[in-house]
Amino acid sequence: MLSSLGRSRRRQPVAVVTFMAAAGLALAGCAPGSGGDNTESSDVTSAEVNTELTSEDVTITIADETGFPVTDKLAEEFTKQHPNVTFEITRDTFQNLTANAPKLLAGDNPPDLIRLPTIGDTAGDGLLANLDPYAEAYGWDAWPETQLSPLRMNEEGTRGSGPLYQVGLGYSVTGIFMNTALADELGIDGPPQTWAELEEDLATAKAGGVQPIMAGDKDGVVNFAIQAAMNQYADKDEFLSWMFNEPGSSYATEGNIQGAEVIRTWADKGYFPSDINAIDYFTFVSRFSEGDGLFTFNGNWEAANYQKALGDNVDFFLVPPLEEGGDHVAMGAANSFSVAAGSDDLDTTTYFLDWIHTDPAARQIISDVTGASPGGDPELEQPTVEEGSLIASALDMAAQIGAENGQVDFMSNTTSGIYAGSIIPESQLLVTGKITGEDFVNRVQAFYESEVND
């Protein structure tokens, strides 16, 4: 387990190993409420589901997020195996795709498959296909229910129970990447084991003329760091209840205020780039890849890219807890996709989703491209990864988070409008020291209430 490794930990020589089947369990959050309460109606019944792949020529359309090429690789492999099925993939930024998804799904020609970080009102408005009949037909009941429960939503709009409206294309885990070459120059001998040690390392970097944290907030992604801080102080189940829109839940908790206030103090100390609000995701990833920054908060989807850029001079580890030896908390979620209720090719699209979770080549692509667990039935053969690689670290991290029951969803997924409408603009003020942590939390909560009570 990562928590048992000292600050002198360094990667071992490269070899090929098979990662644990436990990783399939590890990346699935622990959702409040029960699992598959599938009593709500669906336009498709199990009797109507066809699990035989068509022999006719079919084109599947996918609306995906920019910067994540896994759908391209999966589509290429699927067409290689099944030449009669081709794909058209369009891409947009995370915030644009989140904001425009309802319009895309309600259009005359909706995408068959869409990257949908937040279900929002799309299920209640009848825009998403209920996947329960397909789950029954394909035997997805063999998957850990905790893997699927965050992808369910009931009639009241609460996630964690009700029909299945999404499936993951990989299941993520987040943490901190560290430039070990810079760490060596600064006399830092390994990843911090506690939150206090992390803050000591940030101060050491600042004093040594090294950028302590490479981050950007033009498009809100400094929230990897903001939520990582909140996770250390907040009650995890209380936080999840808010993210799953449970009645009476609140973001304005003492733990969240403490975490947000830590970020404000980091801003005051100059731990973030001075031009942070002009730096977008691509730029901050590129800067860290080029050696700028001791730490960066990000997810396993960048593991392969950072490894390619920095070689052996990079490490990946879970955000350290407040107390040494304490349990860890990390954001993680399915790279969630939904099938449009208006899809012309429901059977083919869901066949593709099942194939992603069951075909060995597809499962290997998920691991190679995203650094994530492919999910699905944990009894299936797992992909292979290089021992000592960042992807191997990510899978160990996922297994540890699963064992410690420490996964939480991303707060940006809480409602359809909260990321662009509140989290981004308020975080831009927080990371430049213009508002307090309490201001940040209260403002986001007020926006949340305006959405859920609309």
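**Notebook: aromatic cluster, sheets and helices**

I started with the rings: Phe 78, Phe 87, Tyr 351, Phe 352 and Trp 355 form one aromatic cluster. Rings of Phe, Tyr and Trp (its six-membered ring) pair if their centres lie within 6.5 Å; planes under 30 degrees apart count as stacked, over 60 as edge-to-face and the rest as tilted.

Before going on, I noted that this is a predicted model, where local features need pLDDT of at least 70 and side-chain atom pairs count only at pLDDT 80 or more, while totals for chains, interfaces and linings use all residues. Residues are numbered from 1 along each chain as its sequence is written, and side-chain values use heavy atoms, with hydrogens and water left out.

**Rings and a histidine**

I looked up the total and got 26 aromatic pairs in the structure. Phe 78 and Phe 87 make an edge-to-face pair, 5.9 Å centre to centre with 85° between the planes. Both of these residues are buried (buried is under 20% relative accessible area, exposed over 50%, partly exposed in between, with a 1.4 Å probe and protein chains only).

Next I checked His 82, which is in the loop between H2 and E3. Helices (H or I, at least four residues) and strands (E, at least two) are DSSP runs, numbered from the N terminus. Is His 82 buried or exposed? His 82 counts as buried, because its relative accessibility is 18%. Setting aside neighbours within four places in sequence, I found His 82 in contact (heavy atoms within 4.5 Å) with Leu 53, Tyr 351 and Trp 355.

**Five-strand sheet**

I traced an open sheet of five strands with mixed pairing, in the order E3-E2-E4-E12-E7. Two strands pair if DSSP finds at least two bridges between them. E3 (85–92) and E7 (167–171) are the edge strands, each pairing on one side only. E2 (residues 58–65) and E4 (residues 113–115) run parallel and are joined by two bridges; Ile 62 has Leu 113 in E4 as its bridge partner.

Then I looked at the helices here. H2 (residues 70–81) lies across E2, E3, E7 and E12 (334–339), at about 175° to E3. Axes are lines fitted to C-alpha atoms, for helices over the stretch in contact, and angles run from 0 to 180 degrees between N-to-C directions. H3 (residues 94–106) lies across E2, E3 and E4, at about 145° to E4.

**Three-strand sheet**

I found another open sheet, with order E9-E8-E10 and antiparallel pairing. Four bridges join E8 (residues 174–179) to E10, and Met 178 is partnered by Asp 315 in E10. Helix H15 (residues 390–403) packs on this sheet, touching E8 and E10, and its direction makes about 15° with that of E10.

How many of the eleven residues of H8 (residues 223–233) are buried? I got ten, so H8 is largely enclosed by the rest of the structure. Among them are Phe 224, Ile 226 and Met 230.

For H16 (residues 418–430) and H17 (residues 437–452), the axes come within 10 Å and cross at roughly 170°. That makes H16 roughly antiparallel to H17 (under 35 degrees is roughly parallel, over 145 roughly antiparallel, 65 to 115 roughly perpendicular and the rest oblique). The contact includes Ile 418 and Leu 430 of H16, and Phe 440 and Tyr 448 of H17.

Last, I checked Thr 265 in H10 (residues 254–268). Thr 265 is partly exposed, because its relative accessible area is 25%. The C-alpha atoms of Thr 265 and Thr 436 are separated by 9.1 Å, though the two are 171 residues apart along the chain.
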